[in-house]
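The sequence and the model come first.

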Amino acid sequence: MNDPTVHRPVFARMYPRLSRALDRAGGHELRHRLLEGLSGTVLEVGAGDGGNLPHYPPAVTAVVRALEPEPRLRRSLREAGARAAVAVDVVDGVAERLPIDDGAVDAVVCSLVLCSVRDQVAALTEARRVVRAGGQLRFFEHVRGTDPRTVRWQDLADRTVWPHIAGGCHTGRDTVGAIEAAGFTVTRMERFRFPDPGFPRLPHVLGTAVPS
Ligand SMILES: C[S@@+](CC[C@H](N)C(=O)[O-])C[C@H]1O[C@@H](n2cnc3c(N)ncnc32)[C@H](O)[C@@H]1O
């Protein structure tokens, strides 16, 4: 497979401001919950401008790969990595082809990224490949709703404007189903709307999955 390039200059310019606004609306706490209890080595997929980096607990020895394919966001990620308490190796790369050996890390972290990858099956197959036996996948993602009304507007948004204005994001993917289909068992998960209050109050999940 050729690596897909990710070049989204408009989104990359907007995202840091949007991300900090979401952090103030509760995202800080969610990022903390996403990462709490982790230890050892981590690969973070589509790390953006580094919103998770301040939240890694001290028991994480290194983010051995902080992957970010979008050039402008990767520059911001490098700056955030230089300020972070944890050691961070920022690299260009995509979820669909992770630049690391099989079973190389204690954890893979995905936050707000499985909505945007071009090939979710390939991305999660890769996550499963690189996490060691006994390791874990941590995820914080917005997902397909559980009620017909939400699913209807998600399908409409995803078929029309949303991916174009939101950096390739899709609001309504069945990400939990895809995580399980890739060979993980979800061991802990919370479902909630976020931001709450706020727009667009998308259904989200935050949880842990382990290799089945
Ligand atoms: C909504 S942002 C989330 C950034 C960060 N994870 C966070 O929590 O703030 C989505 C990120 O996914 C990245 N991305 C898009 N397609 C990707 C792919 N195929 N592989 C890896 N990252 C990708 C984007 O460049 C962007 O940084």
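Which elements make a right-handed β-α-β unit? I looked this up in what is a predicted model, and I found that the unit is made by E4, H3 and E5.

**Entry on the strands.** I then followed E4 to its partners. With E5, strand E4 pairs in the parallel sense over six bridges, and at one point along the two strands Ser 111 stands opposite Phe 140 in E5. With E1, strand E4 also pairs in the parallel sense, here over four bridges, and I noted that Val 42 stands opposite Ala 107 in E4. When I checked how covered E4 is, I found that six of its seven residues are buried.

**Entry on the core.** I next looked up the largest nonpolar core, which holds 28 residues, and noted that Val 45, Val 108, Leu 137 and Phe 184 touch the most other members. The elements that give two or more residues to this core are strands E1 (40-45), E4 (105-111), E5 (131-142) and E7 (202-211), together with helices H3 (120-130) and H6 (175-181). Helix H3 gives the most to this core, with four residues. Apart from this core lies another one, of 22 residues, and among them I listed Tyr 56, Ala 66, Leu 77 and Ala 84.

I also looked at Val 45 by itself, leaving aside its neighbours within four places in sequence, and found contacts with Leu 67, Ala 95, Leu 98, Val 108, Val 109, Cys 110 and Val 113.

**Entry on the ligand.** Which residues come nearest to the ligand? Of the 19 residues around the ligand, these are Tyr 15, Gly 46, Glu 68, Ala 95 and Ser 111. I then checked individual atom pairs: an oxygen atom of the ligand is 2.6 Å from an N or O atom in the side chain of Glu 68, and a polar side-chain atom of Arg 31 lies 2.9 Å from an oxygen atom of the ligand. For Glu 96, an N or O atom in the side chain is 2.9 Å from a nitrogen atom of the ligand.

**Entry on His 204.** My last stop was His 204, whose place is in strand E7. Is His 204 buried or exposed? Its relative accessibility is 5%, and because buried means under 20%, His 204 counts as buried. The side chain of His 204 reaches the backbone oxygen of Leu 202 at 2.8 Å. Leaving aside neighbours within four places in sequence, His 204 is in contact with residues including Leu 112, Phe 140, His 142, Glu 190 and Phe 194.

Note on methods:
Residues are numbered from 1 along each chain as its sequence is written. This is a predicted model: local features need pLDDT of at least 70, side-chain atom pairs count only at pLDDT 80 or more; totals for chains, interfaces and linings use all residues. Side-chain values use heavy atoms; hydrogens and water are left out. A nonpolar core is a set of buried Ala, Val, Leu, Ile, Met, Phe, Trp, Tyr and Cys residues joined through side-chain atoms within 4.5 Å. Buried means under 20% relative accessible area, exposed over 50%, partly exposed in between (1.4 Å probe, protein chains only). Contact means heavy atoms within 4.5 Å. Two strands pair if DSSP finds at least two bridges between them. A crossover is right-handed if, with the strands pointing away from the viewer, the path from the first strand over the helix to the second runs clockwise. A residue is near a molecule or strand if one of its heavy atoms lies within 4 Å of it. A polar contact is a pair of N or O atoms within 3.5 Å; within protein, one must be able to donate a hydrogen and the other to accept it, and residues adjacent in sequence count only if both atoms are side-chain atoms.
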